[in-house]
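This briefing is for a reader new to the structure shown below. It starts with a loop and goes on to the domains, the helix contacts and the ligand.

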Amino acid sequence: MLFSGLDQLPPDVILGIAQAYRADSSPLKIDLGIGIYKDDQGLSPVLPSVKAAEKWLIDHQASKSYLSSAGSPEFNTKIAELLFGSDYEAEYDGRIRSVQTPGGSGALRLVADFLRTNSPTSKIWLPNPSWATHQPIFAAGGLTIQRYPYYDLPSGRLLFDEMIGALRAAQPNDVVVLHGCCHNPTGEDLEPSHWSIIADLLRHKGATPLIDLAYQGFGDGLNEDAYSIRLFAKQLPELFVASSCSKNFSLYRDRVGALTTIAQSRAASITLQEHIAKAIRANYSMPPDHGASVVAHILGHPELRILWEHELEAMRTRIAAMRVLFARELTKYSNRDYSSIARQKGMFSMLNLTPDAISCLKEEHHIFMISTGRINVAGLTRENVSRVASSIAAIQPHTAI
Ligand SMILES: Cc1ncc(COP(=O)(O)O)c(C=O)c1O
């Protein structure tokens, strides 16, 4: 029988934490596990800009007939502008094309499908560590995965020299995945000088970068967080960008993202898009419309766009403030240097805790985090940050440092 002979799978790490959190009846419980932005009340509300755009859509959307496999043309133009600036067509000589995808995950899977069909011997290079879902997405695409060193947890240090050393083994047509900003899970980002060295190396090797930009606007700002893609598009012949509107528009469940490609010439870009369209048709036919139409409306409406940029800025500055506060409280309670947490960007950082310590935080202190030690800094609030820091300090004999 097809269904009864299946092996039982190990529980999903992140969903397992979410379930354990829900099952804990303590009023003191704190969720630092699941990767969503939360405000200082611990909530993840629909943004007012999104609500306004949804109202507008209900009143004005005239048809729900099929779109093309590339999704909404307005969305695709607005996303390319967000990534590369409003003058992107002229500035990059027509080499840039975006297609709407079901979230950033859909864009990544599309790259995997495209490579399996057109370049099955391309290896995928992932940072160690990386977002836990990168590996299964590219493995499901049937591709060989290699790891390059990225971050040393005990010292809280970026392993840039080691990363470059490993990437020297990249072959022509290999694809190197880089987090454009707000590295998940470490929060440790690359500096402009690093990006230039990587661009030189990839050009020399003939390898293609895939920049995963899931947090544009959560690091230093909308333009600042696009630094690497604008540099690479100028300096390299080819580039993939998988971007997401899940976090910066708080549209997680509406599945809004884009795959943007930069080819060597306008003509190559048009042919590439035909292959991308073919991969989409064989996969999910076309992306869901609602969230993308909301984003397109906000980005095309001057007042809503200003409102959204303020909302995004509020999320970014709250996370940065929590980082500073958390690092200060941790240092106060433990007498150790936690300045790396204040320096890092985006929602995630990693704590160097043993599995025992992580389970003790859960069982005795009602503080939930993923078993790798990744914490969602946005789960901290002015009310709970001190308790989280003092609880971590209290179990420090358990830490692996
Ligand atoms: C690094 C990274 N890439 C891609 C994604 C995919 O986001 P989504 O598919 O929800 O748009 C995430 C989500 O957490 C992420 O952290």
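Ser250 is placed in the loop between β9 (239-244) and β10 (257-262). Phi of Ser250 is near 50°, a positive value in a residue other than glycine. The model is a predicted one.

**Cis peptide bonds**

- Asn128 and Pro129 are joined by a cis peptide bond, with omega at about 5°.
- The loop that holds Pro129 runs between β3 (123-128) and α6 (134-140).
- A cis peptide bond also joins Asn184 and Pro185, and here omega is about 25°.
- Pro185 sits in the loop between β7 (175-179) and α8 (192-205).

**Domains**

- The chain is divided into domain 1, made up of 13-46 + 305-396, and domain 2, which covers 66-300.
- The centres of domain 1 and domain 2, taken over C-alpha atoms, are separated by 27 Å.
- Domain 1 puts 22 residues into the contact, and domain 2 puts in 22 residues.
- On the side of domain 1 that touches domain 2, the elements that give two or more residues are α12 and β11 (348-350).
- Of the elements on that side of domain 1, α12 gives the most, with six residues.
- By class, the side of domain 1 that touches domain 2 has eleven nonpolar, seven polar and four charged residues.

**Helices α11 and α12**

- Two packed helices are described by the angle between their axes and the distance between the axes.
- Helix α11 (residues 290-300) packs with α12 at an angle of about 105°, and their axes are 5 Å apart.
- Angles of 65 to 115 degrees count as roughly perpendicular, so α11 and α12 are roughly perpendicular to each other.
- From α11, the residues His297, Ile298 and Leu299 meet Leu304, Arg305 and Trp308 of α12.
- The contact of α11 with α12 has four nonpolar residues, one polar and one charged.

**Helices α12 and α15**

- Helix α12 (residues 302-334) also packs with helix α15 (residues 385-394), at an angle of about 40° and with axes 8 Å apart.
- Which term describes how α12 and α15 lie to each other? The two helices are oblique to each other.
- The crossing in which α12 passes α15 is right-handed.
- On the α12 side, Met322, Leu325, Phe326, Glu329, Leu330, Tyr333 and Ser334 take part, and they meet Val385, Ser386, Ala389, Ser390, Ile392 and Ala393 in α15.
- Nine nonpolar, three polar and one charged residues make up the contact of α12 with α15.

**Shell around the ligand**

- There are 13 residues around the ligand, and Gly103, Gly104, Ser105, Ala214 and Ser244 come nearest.
- Which helix gives the most to the shell around the ligand? Helix α5 (residues 103-118) does, with three residues.
- The shell around the ligand is divided by class into three nonpolar, nine polar and one charged residues.

Note on methods. Residues are numbered from 1 along each chain as its sequence is written. This is a predicted model: local features need pLDDT of at least 70, side-chain atom pairs count only at pLDDT 80 or more; totals for chains, interfaces and linings use all residues. Axes are lines fitted to C-alpha atoms, for helices over the stretch in contact, and angles run from 0 to 180 degrees between N-to-C directions. Helices (H or I, at least four residues) and strands (E, at least two) are DSSP runs, numbered from the N terminus. Angles under 35 degrees count as roughly parallel, over 145 as roughly antiparallel, 65 to 115 as roughly perpendicular and the rest as oblique. A crossing is left-handed if the near helix is turned anticlockwise from the far one by less than a right angle, and right-handed if clockwise. Two residues are in contact if their C-beta atoms, placed from the backbone, lie within 7 Å. Ala, Val, Leu, Ile, Met, Phe, Trp, Tyr, Cys and Pro count as nonpolar, Asp, Glu, Lys and Arg as charged, and the others, Gly among them, as polar. Domain bounds come from an automatic or database domain assignment. A residue is near a molecule or strand if its C-beta atom, placed from the backbone, lies within 6 Å of it.
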